[in-house]
Amino acid sequence: CTGCADFDQPAYLTFYDDFGFVVLNPTVNLLGRDTLEISTDGLCIETAPDVCVELGTYALDVTLPADGGNYYVVYQRCCRNNTIVNIVDPGGTGNTYFVTIPAFTADDGCTNNSAIFNNFPPILVCANSPLVFDHSAFDLDGDSLSYSLCTPLDGASPDNPMPLTAPPPPYDPILWLNPPYSELDMLGGTPPLSIDPETGELTAFPETVGQFVVGICVYEYRDGVLI
């Protein structure tokens, strides 16, 4: 399948307000693309398999009314690799990526930056070998961060793989192929995948060879209040 997983050009975003109304529905152009290096340092193999992972960069500046409500930015795309082993119907399961812009007013302005992961997750890990990865993030505002495993969200469909307008939240989670997989056991193996809620250190001992979906959530708190 050649060219079947290319980047959208353009991509379509949907902005919702707290009442479920579409505020903006802009197109976003692809600014650049890079092929990520696949490292085998410290792994059980010397030659990387025939796997290619690319990074696409999109950017957009928008102005939103300061009405004191939340905004939700949504992007949906279908579908995932048929060869994924830990979810139901991966070839017919899409993705929903969304972010909440917390409520702000004209008086206080928009005073929050999103947390950003410090490291890109490893593309390759070894079966029957300990996995330890620093999945921590950095927050420019100094807000406290908490980490957990979480189920990624489904979205779009094979019939409408790149909707011009995404539906409003909430969104359905993907379905884990269980047993043995679940939100608390995404890779299988003993001990199962886990993440330290304070440091973001990810640990696992995977035992099955394959491609896996993994979800990590970062929660941002300011003065003890979830943002």
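This is a predicted model: local features need pLDDT of at least 70, side-chain atom pairs count only at pLDDT 80 or more; totals for chains, interfaces and linings use all residues.

Visitor: Okay. What's the strand order in the open sheet of three strands?

Guide: The order is β12-β15-β16, and the pairing is antiparallel.

Visitor: Which strands are the edge strands?

Guide: Those are β12, residues 144-149, and β16, residues 225-226; each of them pairs on one side only.

Visitor: And how many bridges are there between β15 and β16?

Guide: Two bridges, in the antiparallel sense, with β15 covering residues 216-222. Arg-222 has Val-225 in β16 as its bridge partner.

Visitor: Why tilted?

Guide: Planes under 30 degrees apart would count as stacked and over 60 as edge-to-face, and the rest are tilted. At 55°, the Phe-98 and Tyr-171 pair is therefore a tilted one.

Visitor: Where do Phe-98 and Tyr-171 lie?

Guide: Phe-98 is in strand β8, residues 95-101, while Tyr-171 is in the loop between β12 and β13, so the pair ties together parts 73 residues apart in sequence.

Visitor: Is Tyr-171 buried or exposed?

Guide: Tyr-171 counts as buried, at 13% relative accessibility. Phe-98, at 37%, counts as partly exposed.

Visitor: What about Tyr-181 and Phe-212?

Guide: They form an edge-to-face pair, 6.0 Å centre to centre with 70° between the planes. Tyr-181 lies in the loop between β12 and β13 and Phe-212 in the loop between β14 and β15, so this pair ties together parts that are 31 residues apart in sequence.

Visitor: And what's the accessibility of Phe-212?

Guide: Phe-212 comes out at 22% relative accessibility and counts as partly exposed. Since buried means under 20%, Tyr-181 falls in the buried class with its 8%.

Visitor: Last topic: where is Asp-34?

Guide: Asp-34 is in strand β5, residues 30-35. Its relative accessible area is 47%, which makes Asp-34 partly exposed.

Visitor: Which residues does Asp-34 touch, leaving out those up to four places away in sequence?

Guide: Asp-34 touches Val-53, Glu-54 and Leu-55.

Conventions:
Residues are numbered from 1 along each chain as its sequence is written. Side-chain values use heavy atoms; hydrogens and water are left out. Two strands pair if DSSP finds at least two bridges between them. Helices (H or I, at least four residues) and strands (E, at least two) are DSSP runs, numbered from the N terminus. Rings of Phe, Tyr and Trp (its six-membered ring) pair if their centres lie within 6.5 Å; planes under 30 degrees apart count as stacked, over 60 as edge-to-face and the rest as tilted. Buried means under 20% relative accessible area, exposed over 50%, partly exposed in between (1.4 Å probe, protein chains only). Contact means heavy atoms within 4.5 Å.
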